[in-house]
Amino acid sequence: MAFASVASFAQDFTDAQKKAITCARERTYAIYKFFEKEVPPTERQYQFSEYCGGKKDSPVKIPDYLVKEMPEMMQTPLRFEGAAAVTHVETDAWRQYFANLNVVLEIAENMWDDSKLVTPAKRREKLVSSKAALVVALDRLNTLGLRGGAPYSLKDSMEGRGRLLIPTFDLIGKEMDSVLESFSMGDEPREKRFVDSMMAITILTNDAYNTFFRAPPIPFPDGKFVQSQAKQDPKPILYLFIGVLVVFFGVFTVMSQESARIEESFGQYLNRSNAWADDFNRQFSSINVKYLVLGTVCGFAVFGMLIGFFFGGIGGILIFALFTFVGFRIGIKMPATVLKNIKQSRGR
């Protein structure tokens, strides 16, 4: 297989992209330092280079929430099956992932360092090894730990920030696949694919870094919380029940008071329906009058139900009842309207 020249990939990176990769690599090292065992948590920090916006004697310090949680993280064991049963703690898993990600970005960064140039084949070999290391590290992060004697998911780590970090790492793995695929493509598409994928990894790395300094995601309430809230506040269900009763008895009362009128109107409407059916037949149109009426009513009722669900509560029930009523009023007039339009279109 033919490969590009040693420096061909590097030529496709702009200066801004090179800087982005270098600074992303520094950020991975900063996070790595946050999980460093040999240094007390309160003293863990990293001094960024001026090239990446660092200010002299102004290092980035480990966030306070991480300092508080660090003792527990250092005592949360992870057990996983490999060549042999191995036990690591949670801090090892996070530190190892960022160490491996640092290696990936360093491989890209070395491409524009003449003293560290290697052949494309050698570079691919290094990236394959780094991809495998990332997979292993991510697998450890997806392994349940033991905290307080109970199973513990690392997605709940760092006040829930693990729920943001681990999916980001999944995306980085997919982009690594794309990087490796680029080596089997032609010169021009290979170099574009390599640059695009490496920049995607850089962006995702920056996002992972920023996650450490953002507010944690709002946790989803568990089933017990929802049940407890329902027990504490039965008002929504009570209001809904009352609304159903009000609508039901309201309709029942009106129909009881107007029963004679309703029977008379129904008889008249039935006679009109038969007349409409004959008129439709004379127009050579086999339209069932019942379908015109019921279809209109059902259409309005379904639409009212959807809107009612959106608003919920008594308001939703009233909206459903209103749309159904309007649909009924329009539906009983629909046969005459359709028949009139048919006659006008045929010049009668």
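Contact, for today, means heavy atoms within 4.5 Å. Hello everyone, and two bits of housekeeping. This is a predicted model, where local features need pLDDT of at least 70, side-chain atom pairs count only at pLDDT 80 or more, and totals for chains, interfaces and linings use all residues. Residues are numbered from 1 along each chain as its sequence is written, and side-chain values use heavy atoms, leaving out hydrogens and water.

Let's start with two helices. Helices here are DSSP runs of H or I with at least four residues, and strands are E runs of at least two, numbered from the N terminus. In α4 (residues 120–141), R124, L127, V128, K131, L134, L138 and L141 meet I166, F169, D170, G173, M176, D177, V179 and L180 of α6 (residues 162–181). By class, this contact has ten nonpolar, one polar and four charged residues; Ala, Val, Leu, Ile, Met, Phe, Trp, Tyr, Cys and Pro count as nonpolar, Asp, Glu, Lys and Arg as charged, and the others, Gly among them, as polar.

Now, the disulfide, meaning a pair of cysteine sulfur atoms within 2.5 Å. How many does a search of the whole structure find? It finds one, and this disulfide joins C23 to C52, with 2.1 Å from S to S. C23 sits in helix α1 (residues 15–34) and C52 in the loop between β1 (45–46) and β2 (60–61), so the pair ties together parts 29 residues apart in sequence. The link of C23 and C52 is left-handed, with -95° about the S-S bond. Both C23 and C52 are buried, that is, under 20% relative accessible area with a 1.4 Å probe, protein chains only.

How values were computed:
Buried means under 20% relative accessible area, exposed over 50%, partly exposed in between (1.4 Å probe, protein chains only). Axes are lines fitted to C-alpha atoms, for helices over the stretch in contact, and angles run from 0 to 180 degrees between N-to-C directions.
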